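Morning, everyone. Please have the sequence and the model open while I talk.

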Amino acid sequence: MAVMRPFYLKRMDKSFITGYNIIRNNYVISPNQEKVRSEEDVDFPEFIKALYQRYKIDYPKFYKMDNLCKLAFISSEILLKETGLKQKYSDEAIGIVLCNSSASIDSDCKHVESFVDKANYYPSPSIFVYTLPNIAIGEICIRNSIKGENALFVFEKFEVEFSVNYLKNLLDTGKAEACIGGWIEYSEEGFESFLFSVERKDKLEPNQAIVPFSTEEIRKLYLKN
Amino acid sequence: MGFDTRSNIQNLLNNSSGIQLHNDSSKSQIPFWASLIRDSDINAGFNEIQGDEDFSRLEKLMILSIKDALKNSDVEVTSPKTLILLSSAKGNIDLLEKTSGKPKENRVYLPGLGRVIQDFFKNPNTPLIISNGCISGVLSLITAFRLMQAGVYDNIIVTGGDIISEFTVSGFQSFKALSDGPCKPFDKNRNGLNLGEGVATIILTANKGSAGKHKIQITGGATSNDANHISGPSRTGDGLFISVNKTIKEGKENHIENIDFISAHGTATVYNDEMESLAFTTAKLEDKPINSLKGYFGHTLGAAGLIESVVSLQSLRDNVLFASKGFETIGVTGNLNVIEKTEKREMEVCLKTASGFGGCNAAILFKKNG
């Protein structure tokens with residue numbers, strides 16, 4: 001795992017950030033590589049498909065997902081590949097807690113379009129199932145057989161402090177040994193994904209490069225561009 | 001079923017159900033069975049509150065529910081130490097239909113709905129909102145419990161609500177998940193769910209003096225994912241088992257022997273009820289009296305966990321086990337002890353569970369006289 005700023009282990013720090021990535025405005029940032037930027041003016045479906053190919057992901061279910069799930073899924077693939085989280089923990093020890101602003105508005109609109117015109121009435125389970133934002137968490141769990149804590153919170157914007165405290169509580173009380181946290185947002189206005197992994201100190205390897213898990217550090221990462 | 005806890009409980013005692021056949025072309029092309037709230041009843045309840053502002057159906061229901069819960073407590077809703085936590089699967093989704101799927105109003109988004117509720121009650125904190133499908137209600141209580149444990153707030157007002165419009169009806173119809181009659185949870189002739197609409201509020205407080213006579217506590221809660229399929233529950237029940245098991249292990253005082261009854265999710269779809277029966281069997285809970293309240297309220301989505309928890313709390317207070325309406329003959333692999341007749345029984349501990357799309361599961365324990 002490549003460079004994340006080295007730090008001094010404080011006795012009070014119990015959990016650490018072990019990976020992250022940001023996908024927005026047609027670029028990807030992760031600690032393992034330079035910023036990856038795609039061509040200007042590529043629309044989301046093309047952009048996300050290009051990432052699927054770039055990271056050599058082989059998971060045909062990807063093509064059935066709605067846009068929000070595709071975004072969260074690609075982000076989780078990059079994160080899990082870079083951190084090896086899944087190899088270190090049991091299925092039920094990993095939690096996923098995500099935040100979002102527009103819930104599943106993109107699929108909601110598509111589902112409404114499928115029934116408002118009675119002459120052209122075609123409600124379909126393959127759209128309707130995506131009209132819940134927590135399906136994105138479900139997709140990541142199914143792909144990786146993750147069976148720990150789940151939660152999806154809806155905020156106007158990414159509430160870093162709440163997320164950090166909620167995740168810390170899960171880790172400190174032993175409800176999870178590692179967690180994926182972050183923000184996934186997709187609407188007509190745009191998209192943004194910021195996922196990070198946090199792990200308990202007692203589960204880390206001695207020389208692993210990590211940063212303490214705090215509101216300040218998460219905010220710093222989120223503001224990278 | 002009623003606009004306050006007392007009338008709902010009275011209807012449960014009378015074995016009445018809110019589920020009826022509806023022939024409403026604004027919600028469905030064909031007649032459908034559901035438990036719906038009449039607009040005239042909502043407006044009658046809301047008339048004395050109505051100010052200048054225009055409220056949506058769900059907002060009116062949430063405001064009525066919170067006001068009713070506050071009336072019976074000494075919690076100060078305007079205090080910075082009081083948080084409002086909202087649980088909803090779909091929020092003001094009917095407003096999106098009115099604009100043909102083009103989001104025009106801010107309250108179509110959940111944070112907009114939150115702001116309306118916050119402003120009405122003049123609470124200084126931005127409401128916390130959970131939208132996690134059908135476990136939203138139970139997950140909200142678990143989250144509130146964790147926030148209370150962390151000492152962040154003195155009081156948390158947890159409100160769950162969803163309304164039923166063509167959005168939800170057409171979607172569940174496309175899944176062929178709706179029953180062609182009143183639903184029959186855990187029964188061998190069950191063939192789907194009934195949708196329902198409703199709102200419920202539970203207030204958590206750190207102040208024992210405010211907690212009423214029976215001082216019911218939450219003594220554990222956990223969620224899990226069964227990592228099986230986005231719209232199909234686990235075939236083994238392993239996901240629900242994980243959340244039940246973690247919940248029981250959370251508190252030293254929690255023991256399987258002490259659980260007096262289970263308030264299950266029990267939607268009455270073939271796969272869901274089968275999955276629950278396997279999970280409860282793995283957890284060695286198959287002998288515990290168990291009910292699903294979907295036969296009275298229908299499946300109220302993001303409100304379900306809260307409505308059913310309110311009834312469970314009332315069960316503990318009044319020592320009444322409510323019958324699992326619609327059940328006649330066991331139709332799941334696990335040999336569950338489904339409650340057939342409403343009866344009096346001394347009880348202290350209730351396990352409440354929920355499961356939903358996306359493979360999510362949740363469990364929580366309530367204990368009387370904690």
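Start with the two domains of chain B: 53 residues of domain 1 are in contact with 52 residues of domain 2. Contact here means that the C-beta atoms of two residues, placed from the backbone, lie within 7 Å. Who builds the domain 1 side of chain B? Helix 1 (5-13), strand 2 (32-35), helix 6 (136-149), strand 5 (155-162), strand 6 (195-196) and strand 7 (198-205) of chain B each supply at least two residues. Helix 6 of chain B has the largest share, eight residues. By class, that side has 24 nonpolar, 21 polar and eight charged residues. On the classes: Ala, Val, Leu, Ile, Met, Phe, Trp, Tyr, Cys and Pro are nonpolar, Asp, Glu, Lys and Arg are charged, and the others, Gly among them, are polar. Helices (H or I, at least four residues) and strands (E, at least two) are DSSP runs, numbered from the N terminus.

The bounds are 5-210 for domain 1 of chain B and 212-369 for domain 2 of chain B; they come from an automatic or database domain assignment. The C-alpha centres of these two domains lie 20 Å apart.

A word on the source. This is a predicted model: local features need pLDDT of at least 70, side-chain atom pairs count only at pLDDT 80 or more, and totals for chains, interfaces and linings use all residues. Residues are numbered from 1 along each chain as its sequence is written, while chains are lettered from A and ligands numbered from 1 in the order in which they are written.

Now a sheet in chain B. Six strands make an open sheet, order 8-15-14-9-10-12, with mixed pairing. Pairing requires at least two DSSP bridges between two strands. Strand 8 (217-225) and strand 12 (337-338) of chain B are the edges, each pairing on one side only. Inside the order, strand 9 (residues 261-263) and strand 14 (residues 349-356) of chain B run parallel, joined by three bridges. Ile262(B) stands opposite Leu351(B) there. Helix 8 (residues 238-250) of chain B lies across strands 8, 14 and 15 (360-367) of chain B, at about 150° to strand 8. That angle is between N-to-C directions, on a scale from 0 to 180 degrees, with axes fitted to C-alpha atoms, for helices over the stretch in contact.

Next, between chains. 41 residues of chain A are in contact with 43 residues of chain B. Helix 4 of chain A gives the most to the chain A side, eight residues. Phe153(A) has Ile130(B) as its bridge partner.

Last, chain A itself. Why is strand 7 (residues 190-200) of chain A largely enclosed by the rest of the structure? Because 10 of its 11 residues are buried. Buried means 20 or more other C-beta atoms within 10 Å of a residue's own, C-beta atoms being placed from the backbone; exposed means 12 or fewer, partly exposed in between. Strand 1 (residues 15-24) of chain A pairs antiparallel with strand 7 over nine bridges, with Tyr20(A) partnering Phe196(A). Strand 6 (residues 178-187) of chain A also pairs antiparallel with strand 7, over 10 bridges. These two form a hairpin with two residues between them.
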